[in-house]
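Welcome, and thank you for taking a look.

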Amino acid sequence: MKSLSEIETTSKRATRAAGFSWGVAEEVGKSIRLMELFGLAGIKNLNEYYKSRSSKKFENLNLINENNNADRFPFCPIMLGVSFLDQIRNFEKFNKITFNKISYPLLILPFLSRSSEIIGKKIYLKFDQYEFLLNLNVNISSNLFNQEYPIITNITEISILENEDNFSDQDWKSLYKLSEETFVEETDSLKQGAAGAGLTDND
Amino acid sequence: MEVKLRDPNIIMKLSRLGSFHQSKLSFLRSFLDEFKDWEYKKDLFDLDVNGHGTAIYSFKKKDRVYSLICFANKISDEERSDRVIATKWDAAFTLHDGVPAKQDIERLRNEVPKQEVGRLSYKELTLSRANKSLRVFNHVVESLSKGNQPDLELLKKVGYLYRTTAVYGSGKFGLADRFRIKNREEINGPFRLEMMLVYLVRQFTFDQVNHVAKFKNPMTAVNLDLEICKKLGIGNSTGLGMAPFIVNHPTLLNNWIMSREIALKKIREIKKVNTRDVELFKQSVKNSIKNITSWNTESEYQQKKITSLLENVQKFLRFMDKKFSFEANYPFNQIYLWLEKETCDECIEYIVSIMMEPFDDIVKPLIGEMSSEEDQYFNIPTNRTIEDLRNIIEKRYPDILKINFNKKENYKNFWFISKNKEEPRYADRFKEDGSELEQPLAIARDIKKLHNKLKIFRDSITIDKFLIENSDLRHVVRRAFIIEKFPYAEIQDNTIGEKVVPIDMLRLKLSFFGALKFDPRSDKWLRICMFQGAPLPQELKNFDQQWVYNS
């Protein structure tokens, strides 16, 4: 079994060898480490993407907008991921960000996961039949794991989710009521000794 | 009185960092302190008459066990090499997490002797190998087998029976990643398990030499005297592999240096020092003289430093005895100011280290601050502005911005990873091929380049916009924002210049390990000794904390 340290170092060096800057290579090293930690096929996808770069062309998306269309070649997932990470604070105003044609789309996941932590909001990603929920870089949920993910996807949608409860008010109230059974009713004399008692609050 | 922390622009110069010495903060000393009440055991000692075979040593406390597994092998003299390119060693070691099962030992017997080309598992924590100092080992065997103790002069000159040539940890070759174990209380300090490995290897070398002597002549052999054992440590040959580490781990470097600087600041701020602490300090300085006089090296560079150190420490002792009174307020502040004025860098840092000896209440809490959660500082704050970044660079890199990188002598060298052994190396870019594959370790040059580039951008532009067109500078943008929070995170020197002495970088790291007697063999590698004078495992429960000076 390879250690995460080996995975990070090798991914970083391979990224530099594939023609990216050292700073980007550092980002990729951390990101592939994260994917493998979360049980996603980081090494496999990165390796296949870098092999494909010798015979195919890709477009670097440096400035991300609400709708992003690759002109001639699919987007490079590395530069898209790095740009997304750098520009995440600009995206909260968008309801949904769409991309056509991303190569090896699974590789953008760790960048989205880290972005989710930066803004403190969950991020939802959908391409083809695959859905992912990136949860503040604590975990990545998916409706499909251990799949052969596509090497190119036509439409990718990303939404930044507002911080909302995952449960109904009714569920909460019911559970809260149960939790109240651990409380003790205070007597009047105890209430008089509690913090702030006996003082005017208008001083 | 408040004393300011020392200026990073002075302390983080390579010449100053290359003058650092071990102290109470050093990892091997804090390791001994942490594990002093653990149960030590020799669990297995299965060696043949020539000392080849398997041995296991352990430290245990409650449910936690760390086991050193040693494999001693036969190699021919021609195969013995301290170079990292070697493929065979006299002994190979791994520190196993827990009690190894038979299957573990068999698995490790196949893998550990192969070192870099073997595969370890998440159950192993550190990995190392070592070679005998043949002349010392053979001499000791010969003497003991005849019933005599060895020649102390020879032992004093060398200082060890074995030299390690690498100690690996943190996920290398399949070893456990640090994140798996970082929350264990007993390893809340850098390199603690690497120190454990070296310490237990030291004990193995004593047991092995006794064993071989006994089988050589069972009728007359005696064991190596325990007092002599104590005077022996473990040697180490260290090359450039260590140097990039301190560039690649800026927050960790900061935390090491910051702990030292905080300790010094707090000691200088003590108004009145009690007699017991004064005596401990004075005695430690006096006793330490023999560490200087027994410091052997053929390196002219180091000999000059040792000569100057000895003269300066003696000068300091005269000053302390005849002209200085510890009755004065803030005595250590006065001493420090005198040292700055009257002595060399090597002596200043030597005495600063010894100043810590009496003050466990200051030093011990700092030991827990010397690790780092590096990932927390990895993301670039891309919402910050060009103005912010420029201000950080101008504040944190004042001397580096003065370097002219158009001059050849200032970018003469480059760092690269050797294809043969995947180890960092250093070469002249005008003489050697490969500078196009340079590692991102020329921080001074790249920071200067970044600073120049920032000049053409408006102050209010945010970093995310800057990075769109300047991906090549991303690594130093990240560093600058780290350095903003961690003032001692950066070497304030040009690491690719003509005048750089790479062993200064090694010396810095090794001083934090607790190494003694730096012996440069060139400007790119050196030998050191670890644990020389340290208590033996059976003495750990109650040992002299100043053993470095008193043994």
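## Chain A at a glance

Of the 203 residues in chain A, 35% are buried; a residue counts as buried if 20 or more other C-beta atoms, placed from the backbone, lie within 10 Å of its own, as exposed if 12 or fewer do, and as partly exposed in between. Please keep in mind that this is a predicted model, in which local features need pLDDT of at least 70, side-chain atom pairs count only at pLDDT 80 or more, and totals for chains, interfaces and linings use all residues. Residues are numbered from 1 along each chain as its sequence is written, while chains are lettered from A and ligands numbered from 1 in the order in which they are written.

The secondary structure of chain A comes to seven helices and six strands, arranged along the sequence as α-α-α-β-α-β-α-β-β-β-β-α-α. Helices (H or I, at least four residues) and strands (E, at least two) are DSSP runs, numbered from the N terminus. The C-alpha trace of chain A spans about 80 × 40 × 40 Å along its principal axes. Its radius of gyration is 23 Å, whereas a compact globule of 203 residues would have one near 17 Å; the value is taken over C-alpha atoms, and the globule rule is 2.2 Å times the number of residues to the power 0.38.

## One helix and its cover

Which residues of helix 3 (residues 42-52) of chain A are buried? They are A:Gly42, A:Asn45, A:Leu46 and A:Tyr49. Seen down the axis of helix 3 of chain A, these buried residues fall within an arc of 100 degrees, so they line one face of the helix; the arc is that of the directions from the helix axis to the C-beta atoms. Their cover includes helix 1, helix 2, helix 4 and strand 2 (97-103) of chain A.

Most residues other than glycine have a negative phi.

| Residue | Phi | Loop in chain A |
|---|---|---|
| A:Asp128 | about 45 degrees | between strand 3 (123-127) and strand 4 (130-135) |

A:Asp128 is partly exposed because 13 other C-beta atoms lie within 10 Å. A:Asn137 is partly exposed too, with 18 other C-beta atoms within 10 Å.

## Where the chains meet

The contact takes 19 residues from chain A and 22 residues from chain B; two residues are in contact if their C-beta atoms, placed from the backbone, lie within 7 Å. On the side of chain A that touches chain B, helix 2 of chain A gives the most, with five residues. From chain B, B:Ser471 touches A:Ser21, A:Gly23 and A:Val24, not counting residues up to four places away in sequence. B:Ser471 sits in the loop between helix 18 (463-469) and helix 19 (474-485) of chain B.

## Domains and cores

Chain B is divided into domain 1 (1-29 + 373-517), domain 2 (35-239) and domain 3 (271-358), with bounds from an automatic or database domain assignment. The C-alpha centres of domain 2 and domain 3 of chain B lie 35 Å apart.

The largest nonpolar core has 149 residues, and B:Met196, B:Leu197 and B:Val209 have the most contacts inside it. Such a core is a set of buried Ala, Val, Leu, Ile, Met, Phe, Trp, Tyr and Cys residues joined through C-beta atoms within 7 Å. Helix 7 (residues 192-216) of chain B supplies the largest share of this core, 13 residues. A second, separate core of 40 residues includes A:Phe20, A:Ala25, A:Ile88 and A:Phe99.
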